Amino acid sequence: MEKKQTNNTSAKKGRTPKNIWMIVIIAAVVLLAAASAVLIYLFARDKEAPDGQNLNGASLVMENQKWKDFIYSVYDDGTATLTGYTGKDILVEIPAEIKGYTVNTIGLGCFNQEEESLMEEIVLPDTIKRFEAHSFGNAKNLKRITIPEGTKEIELGTFVYCSKLEEVNIPDTVTVIGEGAFSYCRALKEIELPPALETVGDSAFFMCTALEQIEIPDGVKSIEESAFEGCAALEQIDMPDTVEHIGANTFNLCESLTEIRIPEGVTAIEEATFNNCLNLKKVTFPTHLESIGTAAFYYCESLNAITLPDTLKSIGESAFCHCISLTEIEMPESVETLGISVFADCTALKKAKLSKALTSIPNSTFAKCTNLREIELPRGLREIGVYAFVGCTRITELTIPEGVTLLDAYAFSGMEKLTSITVPDTVDTIGEGILAYTDQATVRCNKNSKIAEYCSVNEIAVSIID
């Protein structure tokens, strides 16, 4: 009998074990933490006005001026930008005017002090209309702030690393929350977003580990990459149907999230969008969804049922890998392509109905689905990939459809209870070890077929059906 060693599928692409994934994730978070302040500063400089001008085009008159504990620059339009703060006060009140100049901007890195800041609260005048990037970044003791009316954008990294920030009041005029605006605000439990908001930027609330719930207002069109990644306490998020785009990794590592409704405007679920949402039980998909990306629901260990819309065309690599509570999958007939390892390690999966439009079952698609008992392969199938059914220990019979030409290496290895597999004459390419460690299996085939020859060479039992 064929005894080729079954390789560990978790070493293959798309089948990475949890400990390796977690090491990668932790390493990435550490690197992000170390590099983010530098990156934010560099990106911020690119967004600022040309040297010697403010964003209104006014020319610089004086810079590095000192007034009390504030450092500022003045422009020929009569405005001043605060560029630094040297004080040690717990309550800091920003002046509306300095020496006749209207203070309207908090400048780049203004409150990013090298020494430990004592500042817990900032009172801003109504004259403030803009915060340049990283304005309050690294103000580690800041607890509360009210952003003045008239502000339109919370810019890149404005409150990054404000690790004790608990209360932020955002005015109705804000339309954009920029990249990394509240990243690493680990004490922030709740925040009310303004009704005029249109965009939640990349990593806007990245690693806000205390954030418990948030409501996205009507009118928001885009939630960018990693916007809520690492919000481990987030239990509920409500998104309106105006949302058309949810970026990659948006809810990655949101371990407390239990239910999600994906807005009707969304047609693609991006890479790792809900990766490692360990307690996610229910997902409502939009009716016009076309694609589910790589690792979109990877390691969603509590997800027990899914209903996919009949507009879905593709499911990416490892999209539902290690969804260990998922018991059944019914794939709509619209699905044309699968990535590798789509349902690998779904150890509770008992029944799978595949789309008739599929021509390939890629590598490791059902690897280690140890409870899978019932599966019907589509008639249009042409290829079955490496390790496609490895370790499916409960399947007893399998019929390969007419038209299949490729059975790749170890495709059915480790199927311990497989007693009968019917293989058509159309199969002309057979990989090594396709039935390794399936001692009870008998291959039903025609006498002069390629598979009959293969079985003879590898001492596999054959039942001729000519």
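Two strands pair if DSSP finds at least two bridges between them. Helices (H or I, at least four residues) and strands (E, at least two) are themselves DSSP runs, numbered from the N terminus.

This is a predicted model, in which local features need pLDDT of at least 70 and side-chain atom pairs count only at pLDDT 80 or more, while totals for chains, interfaces and linings use all residues. Residues are numbered from 1 along each chain as its sequence is written, and side-chain values use heavy atoms, with hydrogens and water left out.

## The chain as a whole

The protein chain has two helices and 34 strands. It contains 466 residues, of which 53% count as buried. Buried means under 20% relative accessible area, exposed means over 50%, and partly exposed lies in between (1.4 Å probe, protein chains only). A contact means heavy atoms within 4.5 Å. Among contacts with a separation of 6 or more in the protein chain, 31% join residues 24 or more positions apart.

Strand 2 (70-75) and strand 3 (residues 79-85) form a hairpin with three residues between the strands. In this hairpin, G78 takes a positive phi near 85°. The two strands run antiparallel and are joined by five bridges. V74 has A80 of strand 3 as its bridge partner.

Strand 3 also pairs with strand 6 (residues 101-106), here in the parallel sense and over four bridges. T81 stands opposite T105 in strand 6. Strand 3 is mostly covered, since six of its seven residues are buried. Strands of a sheet pair through backbone hydrogen bonds, either parallel or antiparallel.

The loop between strand 1 (60-67) and strand 2 holds D69. Is D69 buried, partly exposed or exposed? It counts as partly exposed because its relative accessibility is 28%. Leaving out residues up to four places away in sequence, D69 touches G84, Y85, T86, G87 and D89. From C-alpha to C-alpha, D69 and G87 are 5.1 Å apart in space, while 18 residues separate them in sequence.

Strand 26 pairs with strand 28 (residues 383-384) in the parallel sense over two bridges. Here S360 stands opposite E383 in strand 28.

Another open sheet of four strands has the order 29-31-33-34, also with parallel pairing. The edge strands in this case are strand 29 (397-399) and strand 34 (461-464), and each pairs on one side only. From one strand to the next, the twist averages 20°. This angle rests on axes that are lines fitted to C-alpha atoms, for helices over the stretch in contact, and angles run from 0 to 180 degrees between N-to-C directions. Four bridges join strand 33 (residues 442-445) to strand 34 in the parallel sense. V443 stands opposite V462 in strand 34.

Most residues other than glycine have a negative phi, and most peptide bonds are trans.

| Residue | Phi | Loop | Relative accessibility |
|---|---|---|---|
| A295 | about 55° | between strand 21 (291-292) and strand 22 (314-315) | 4% |

A295 is buried, as its relative accessible area is 4%.

## The cavity

How many cavities of 30 Å³ or more does the structure hold? It holds one. On a 1 Å grid over the protein atoms alone, a cavity is a set of points where a 1.4 Å probe fits but cannot get out, and lining residues have an atom within 4 Å of a point. Grid points are joined across faces, edges and corners, and a volume is the space filled by probe spheres set on the points.

The largest cavity has a volume of about 30 Å³. Its lining is made up of I246, I262, V266, A268, I269, E270, T273 and F274. These lining residues divide into six nonpolar, one polar and one charged. In this grouping Ala, Val, Leu, Ile, Met, Phe, Trp, Tyr, Cys and Pro count as nonpolar, Asp, Glu, Lys and Arg as charged, and the others, Gly among them, as polar.

Terms used: 1 Å grid on protein atoms, 1.4 Å probe; cavity = no way out; pocket = protein on both sides within 12 Å on 5 of 7 lines; lining within 4 Å.
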